[in-house]
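Reader: I would like a close look at one helix pair in this model. Please keep the account plain.

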Amino acid sequence: MDFALSDEQKMCTAVFRDFAEKEVAPTAEHTDQEETPPTALLAKAAAQGFLGATVPEQYGGAGMDYFTYILLVEQLAKHCLSTATTIGIHTMLSAMTIVDGGSQAVKQNYLPRLAAGELGTFALSEPEAGSDPGALQTRAVRVHDHYRLDGVKAWVSNAGPAGVHVVVALTDPRARHHGLSAFVVDAQTPGIFLGQREPTLGLRGMDLRTVYFEDCRVPAENLLGEVNHGWALVQRAFQRVRLSLAAAGLGAAEGALALGVRFATERRQFGVPIAQKQAIQNYVADCAVEIEALRHLVHYTAWQADQGQDYEASASMAKYLGARVARDTANKMLQVHGGYGFSDEYAISRIYRDVRALRLLGGTDEIQRFAVARDLFEPEGLALQP
Amino acid sequence: MLREFCEQELKPRAKEVDRTGRQVPALLRWMGELGFFGIPFDQKYGGAGAGEVGYCILMQELNRACPSTATIIGAHIGIAAMSLYLDGSEALKQKYLPDLCAGRTIGAFGLTEPNAGSDAAGIQLRATLEADAYCLNGQKLWITNGPIADVVMVLAVTDPSLGARGGATCFVVEANTPGFAAGQPERKMGLHGSPTSLLNFDAVRVPKANVLGEVGLGFVTFMKTLDIGRVSLGAATLGGAEEALEASLRWVKARSQFGRAIAHMQSVQFMLADMATEIEALRALVYRTAWLVDNGQPFVKEAGMCKLLGSETASRCIDRALQIHGALGISREFALERGWRDARIAEIFEGTNEIQRIVIAGELLHERGVRIRP
């Protein structure tokens, strides 16, 4: 049993922190205002190997384990949640699904591009299928040496600038989500149409759109994994992204707490820094306690993933707790800022807007709790229905 | 009629008000002509004499439809005109109230300063008597209606040796007085249509006749005004929470997942139940407190509770509604996202919720012989 980071992990953290402070922090407000992904920043991140963080080195990636990866996400999210989630979805959902299910040729073709900075998506949700994968309707029909994709995907992150889409579609509609297959699709493929950028409350630096597939022809070799076995790929992708979002929640909460502590130190009322008020001390203390609990759960979940253990339940717990802690911390630290917290001039209001999406993205709070409960009742011989 | 006006005239424009950052002045004048602004005041000043209960109904309905507009009117009537109504001389009331009630002029209430937020007694804006007029120098910060106000009630220090308690005086300042300047509207997370700005006073000369109440007792007038304002702010938050519940009830019937309307999910049902329960508790508290005000009974503790419970209830209810709406909840195409951004400031302005807790605790302990300091 050893809770300390290894020397290598400490060194990586220092590199990540340095990048986050020097490159991410100065761009965060601009990214939010421009409501567009930080292209120049993402290119710098790619040059550091961060866009292929967990991709094996033989495919141009940095070959990080999950534990190192979550240390990266945490540092990025301290300063810009949009950047952390853009990279998280790109890496955990898009690139790693290709690592998971791609043939040798597919991996050699697409992974170096993703690691070099072309953004990837994971097109799963649909207008009528958010929490419920059984309601998916996008079809993939085999025609000779290719599949023909038809359907509408909603809330696709990174869609606008993407070079590569990972698309989940029904190859056997009667089997519902057990008839799903996943495909890697070049963004240039004819038959892909992008909707308008979705204007959102927070995470404005993440490019969210509806993507339409109309007679989009994908080579049969771009199938990821086996036909009709896409659901297993999706579930593993969910586990990875939940771990990533949990780490993002941790970083965002730490960033918010640091802002609150600094403000409470500098702001004087009633003749003293407001940090001298017990009400403020309690807010800060409660947030610190929750953040430490979250950190240990996130670390443990990443460790499980690296050990090759089943970490599905831990990932759901960590994602749920991460979203809650980030929200509570941003909310309390905004309150510490008083009227300044409502001003766009102070970063805390952006963080407060940004973290709200964490309770919806990658499975809502309700879905995470269902997943946790389902695991508890399974040994009792009871299969929970959503 | 009020509900109809809000549904037909305010609600459809609320998105545009948020996007452009301004409410159309003609609409405000129209509301004045309809008599909305005089609701709490005596008929001899152009009011409707409907008291605090009537005013709470107004704020509840306005905030359901358009929180930015409700905030403009809350500052205009609930605190600016109210301070004049409470403590102004008959002459001052006759001079300013009819125009404020009719919407011919818009009011603002200037208390907060860069170094005096929760610590309102820490104000530094100076007023020095020079012959028949006071000369005002200093700044006010975060003033609702600052950029659009014609008349501003300003608290200034007249006797620095006494400070706010005994040395602060309230003035009625016309915005066209030389030396008075409002800053650009602040960029805020929400309430985009309710302009908030800095007010700069550079040797602004205010006639002695425009002293509101007595010299040295301005802090009392301001605190008394804020006490009443907290009741109607509670009513406004009630309207926001109700709107969130209504939107949720419509959505859970329309949205299906896992083969049935999400109304059949207990996670959703329990959120709805909690919202409705908190809303009814808030309604009872707000209207009981408004009744206390109208019947001349003590209400300071209850007013603090209205603001505290109301702002937190509204934030919680709107947050639950957003969760129920899933990803659509965070889309700026829908009203809920705006409601979520708009609601948060109610936990902060007109006395942060921490200050409300201090007020409530102060009243509780004062009844038992203990005086507390913030």
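Reader: How are α5(B) and α6(B) oriented relative to each other?

Author: This is a predicted model, in which local features need pLDDT of at least 70, side-chain atom pairs count only at pLDDT 80 or more, and totals for chains, interfaces and linings use all residues. Residues are numbered from 1 along each chain as its sequence is written, and chains are lettered from A and ligands numbered from 1 in the order in which they are written.

Helices here are DSSP runs of H or I with at least four residues, numbered from the N terminus. The axes of helix α5 (residues 67-87) of chain B and helix α6 (residues 90-102) of chain B come within 10 Å and cross at roughly 150 degrees. Such axes are lines fitted to C-alpha atoms over the stretch in contact, with angles running from 0 to 180 degrees between N-to-C directions. α5(B) and α6(B) are therefore roughly antiparallel to each other, a term for angles over 145 degrees.

The crossing of α5(B) and α6(B) is left-handed, that is, the near helix is turned anticlockwise from the far one by less than a right angle. From α5(B), the contact is made by B:A81, B:L84 and B:Y85; α6(B) brings B:L92, B:K93, B:Y96, B:L97 and B:L100. Two residues are in contact if their C-beta atoms, placed from the backbone, lie within 7 Å. By class, the contact of α5(B) with α6(B) has seven nonpolar, no polar and one charged residues. Ala, Val, Leu, Ile, Met, Phe, Trp, Tyr, Cys and Pro count as nonpolar, Asp, Glu, Lys and Arg as charged, and the others, Gly among them, as polar.

Chain B also touches chain A: 30 residues of chain B are in contact with 32 residues of chain A. Helix α11 (residues 335-343) gives the most to that side of chain B, with three residues.

Technical notes
Helices (H or I, at least four residues) and strands (E, at least two) are DSSP runs, numbered from the N terminus. Angles under 35 degrees count as roughly parallel, over 145 as roughly antiparallel, 65 to 115 as roughly perpendicular and the rest as oblique.
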